[in-house]
Amino acid sequence: MALSKNSAKHIRSLAQKKFRQQHQQFVAEGDKIVRELLSTSAVKIVIVVCTSDWYTKNTELVAQRKAEVVEVTPTALNKISQLKTANQVLAVVVQWQSELNAATVSSDWSLYLERVQDPGNLGTILRIADWFGIPNVICSPDCADLFNSKVIQSSMGAFMRIAAPRLELAQLHQQFPDIPIYASSLSGTSIYEQKQLKPGILVMGNESRGITEEAQTLATAELKIPSYGKHDMESLNVAVATGILCAALRFK
């Protein structure tokens, strides 16, 4: 069965946030991600578009989910792909609502992202959280879209495993008033010198503007990554900084 023009148009439209929101669907691409999605029973797959070689190798997996499959040529796949070079397979998937797990917020570390705009940074931070066993990456309402294709690709599947609800920081604090809030800030105390750090919420700010005044007001303490030696660098990439802080917090 060939991919219809309407289906191809629909898949291409999902590159835009307004159509992802309208249809509550997104596109995931690549062998590893699509196989993981197919193996996750809670995820609803609308259609799988793949090359004949990929389908031959994964027929049994696809059959278990009874997902609609359309085999296409690599050229046809490239025309609907959001990647510079199409992979062997893509899937159209129904979006889901991430639920905040109150028990883990109360007992473990969580990340809160304020206005993180770059989808690649958001995806990388989800991957970092997955690596360090941090169950919640809570996003402010004006963060990048979780289902942006760059988030999906850079998270390497972590978007399926990490809860990423959208919530204002003030609402989160109101819900968990006794949980400490640590704000990442260049004016804070070195993460390696700060004492009495118990699990709480680590706030990471916007790529260029950092944390908001609200985060500073709500923060129990402000933390920074100390630099080494003299240089002209003003700050670190937010995803890189998140990785360093998560490692320090987990093994402090």
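Student: Over how many bridges do β7 and β9 pair in the parallel sense?

Tutor: This is a predicted model, in which residues are numbered from 1 along each chain as its sequence is written, local features need pLDDT of at least 70, side-chain atom pairs count only at pLDDT 80 or more, and totals for chains, interfaces and linings use all residues. Side-chain values use heavy atoms, while hydrogens and water are left out. Helices (H or I, at least four residues) and strands (E, at least two) are DSSP runs numbered from the N terminus, and two strands pair if DSSP finds at least two bridges between them. In β9 the bridge partner of S184 is L223, and the number of bridges over which β7 and β9 pair in the parallel sense is 5.

Student: Which strands stand at the edges of the open sheet of 5 strands?

Tutor: The order in this open sheet is β6-β5-β8-β7-β9, and the pairing is parallel. Each of the two edge strands has a single partner, so one side of each is left without a neighbour in the sheet, and these strands are β6 (136-139) and β9 (221-224).

Student: Which residue of β8 is the bridge partner of Y182?

Tutor: Strand β7 (residues 181-190) and strand β8 (residues 201-204) run parallel and are joined by 3 bridges. I181 stands opposite I201 in β8, whereas the partner of Y182 is L202.

Student: Are the residues of β8 that point one way and the other way from it buried or exposed?

Tutor: With a 1.4 Å probe and protein chains only, buried means under 20% relative accessible area, exposed over 50%, and partly exposed in between. I201 and V203 point one way from β8, L202 and M204 point the other way, and all of them are buried.

Student: Which strands does helix α12 lie across?

Tutor: Contact in this model means heavy atoms within 4.5 Å. Helix α12 covers residues 238-251 and runs at about 160° to β8. The strands that helix α12 lies across are β5 (110-113), β7 and β8.

Student: What volume does the largest pocket have?

Tutor: On a 1 Å grid over the protein atoms alone, a cavity is a set of points where a 1.4 Å probe fits but cannot get out, whereas a pocket is an open set with protein on both sides within 12 Å along at least five of seven lines, and lining residues have an atom within 4 Å of a point. Grid points are joined across faces, edges and corners, and a volume is the space filled by probe spheres set on the points. β7 and α12 each supply at least two residues of the lining of the largest pocket. The volume of this pocket is about 640 Å³.

Student: Which of the 24 residues that line the largest pocket are the closest to its centre?

Tutor: By class (Ala, Val, Leu, Ile, Met, Phe, Trp, Tyr, Cys and Pro count as nonpolar, Asp, Glu, Lys and Arg as charged, and the others, Gly among them, as polar), the lining divides into 10 nonpolar, 10 polar and 4 charged residues. Of the 24 lining residues, the closest to the centre of the largest pocket are S185, L186, E234, S235 and L236.

Student: Which helix gives the most to the lining of the second largest pocket?

Tutor: The second largest pocket has a volume of about 300 Å³, and among its 15 lining residues Q95, W96, Q97, F147 and R166 lie nearest its centre. With 3 residues, the helix that gives the most to this lining is α2 (residues 17-23).

Student: Which helix supplies the largest share of the lining of the largest cavity?

Tutor: About 30 Å³ of space lies in the largest cavity, which is lined by W109, L111, I134, L202, C246, L249 and R250. The largest share of this lining, 3 residues, comes from α12.

Student: Which strands does helix α4 touch?

Tutor: An open sheet of 4 strands has the order β1-β4-β2-β3, with mixed pairing. Helix α4 (residues 52-65) packs on this sheet, its direction makes about 160° with that of β2, and the strands it touches are β2, β3 and β4 (89-94).

How values were computed: Axes fitted to C-alpha atoms, helices over the stretch in contact; angles between N-to-C directions.
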